[in-house]
Amino acid sequence: MVNKNARATNPLLGQDHWNIQLDENGRLKHFLTVEGLGSEILTEILDTAENFTSVNNRVVKKVPLLRGKTITNLFFEASTRTRTTFELAAKRLSADVLNINISTSATSKGESLLDTLYNLQAMQTDMFVIRHQDSGAAHFAARHVAPYISVLNAGDGRHAHPTQAMLDMLTIRQNKGHDFSGLRVAIVGDILHSRVARSQIHALNTLNTGVINVVAPRTLLPADIEKLGVKVHYNLQQGIQDADVVIMLRLQKERMQGAMLPSELEYYQQYGLTSDTLKLAKPDAIVMHPGPINRGVEIESSVADGSQSVILDQVSNGIAVRMAVMSMTLGTSAQQTGEEK
Amino acid sequence: MKPGYTIKNKMTKITSPDILIQQLSDKLPPFLANKQITNPVMVGIHTGGVWVAEQLHRNLKIEEPLATLNISFYRDDFSRIGVHPQVTPSTLPSEIEDRHIILVDDVLQTGRTIRAAMNELFDYGRPASITLVCLVERDGHELPIRADIVGQQLDLQNKEQIKLTGPEPLAFEIKQVDVL
């Protein structure tokens, strides 16, 4: 199911690039990709996140779990939802948060990623949350930081966006129950540029999802996508037939070079989710989107705001999932170094 | 239902949980009356404390639904043992402010669980008072926390750990643990 060649061609991802996520006791140390993690760990993340949703619904939305820890958000790429929910997650766990704005930092003066990391490490950072335009950047960081530091991948190139995938799994689980084996999930849109889709497919497979359909024009599908264990559809109507979950992806115009699409209008006519096409899915199907949504490009406004849409629940779940991953990884690293730290 | 246990070497008899809960149900009303506490909120600490609180809540016919507290996000040993996702979340009434709380746990030993529970309660508001009820209070206190109402006082050996198992039936389990 896993494309070994794709991995070997990326110099930033090593041969065993998912193994560095686990400590010697098999517990989560870094969260870099969903790939290679078992269903026990994914379920542990979802269960822990479910507990944290109760904290987020309280009047005082804060627990003292990570008091005294320093978490550095290192975003080399624009982000609103991911960065703010990572920041809120850290703050609700009582950690101190440092947001490094790359466009105004020394990186723009030519400092390398490694030098930036080492400098922040010298400021006693306990965790790096990294978003980077290059696939493998978070792995690279995880291999080079001090052993007590955890690294979370907040999106690297086209490779992975594991916390997004897990917040999507939590949203599906809350709406459709714990057993994914009877579910039909359709992922629609720009699969080619989407690290979200890749992470979702790995997570859905690990959680034993019944059917995973990917729906896109040929120009927006990676070559070997079937090897990930999905069914490919070029026609939206066929792809979302009887679906329990419809995940729409954003058209990543900023990553497109050349003529991948005739026009946005034509894309919308063929692949945009409208209230009419949604009728082909199951009547109780949920509609998801990782955001930001392009209204009238990949999704009709009335669908995005409609009763089947859980798009804003995904945002809320993002905080709980990030709290879960932060507390799990920092809990493990503390365990390793014991009280000496 | 086992009537009781005998601890090796000490010959201490442990009363069965059901009898202890009955005794707590008898002791609690006069205690509350003496403090002029009416309309209290009963809060059980997961997991054993909730089992005890469920029976107490029924016996005392308390109006306000039983609240539960999961203190795993407030533990002081997080840096050593990490998080435990399997425990159910806390369910507290929306208003803790100025309410009289009856906090219920199964075993009081170090006092650290109660410290964590009080920290969590105060995140919901400022209670008028907190009354601590424990099925068993044993030796090994590490904090200046004592129960107001206790089923049974126990003096166990360092290596012995007492645990309430349940919910049906409730029973005590004594284990030998390695002491560092």
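A nonpolar core is a set of buried Ala, Val, Leu, Ile, Met, Phe, Trp, Tyr and Cys residues joined through C-beta atoms within 7 Å, where a residue is buried if 20 or more other C-beta atoms, placed from the backbone, lie within 10 Å of its own. The model is a predicted one, in which local features need pLDDT of at least 70 and side-chain atom pairs count only at pLDDT 80 or more, while totals for chains, interfaces and linings use all residues. Residues are numbered from 1 along each chain as its sequence is written, and chains are lettered from A in the order in which they are written.

The largest nonpolar core has 140 residues, of which Val188(A) and Val246(A) touch the most other members. Its largest share, 10 residues, is supplied by α12(A), helices (H or I, at least four residues) and strands (E, at least two) being DSSP runs numbered from the N terminus. At least three residues of this core come from each of domain 1 (4-160 + 316-340) and domain 2 (162-310) of chain A, the bounds being those of an automatic or database domain assignment. Beyond the neighbours within four places in sequence, the residues in contact with Val188(A) include Val215(A), Leu236(A), Ile240(A), Val246(A) and Leu273(A), contact being defined by C-beta atoms, placed from the backbone, that lie within 7 Å.

In chain A, the domain assignment gives domain 1 (4-160 + 316-340) and domain 2 (162-310). The contact between them takes 27 residues from domain 1 and 18 residues from domain 2. On the side of domain 1 that touches domain 2, α2, β4 (150-156) and α12 of chain A each supply at least two residues.

Between the chains, the contact takes 18 residues from chain A and 14 residues from chain B. To the side of chain A that touches chain B, α2 (39-56) and α12 (311-337) of chain A each contribute at least two residues.

In chain B, helix α4 (residues 112-124) has 13 residues and should span 18 Å at 1.5 Å a residue, which agrees with the 19 Å between its end C-alpha atoms; the expected span is 1.5 Å times one less than the number of residues. The buried residues of α4(B) are Thr113(B), Ile114(B), Ala116(B), Ala117(B), Glu120(B), Leu121(B) and Tyr124(B). These residues lie on the same side of α4(B), because they cover an arc of only 160° around the axis, the arc being that of the directions from the helix axis to the C-beta atoms. They pack against β3 (41-45), β4 (67-69), β5 (100-108) and β6 (129-138) of chain B.

How values were computed:
Contact = placed C-beta atoms within 7 Å. Buried ≥ 20, exposed ≤ 12 C-beta atoms within 10 Å, placed from the backbone.
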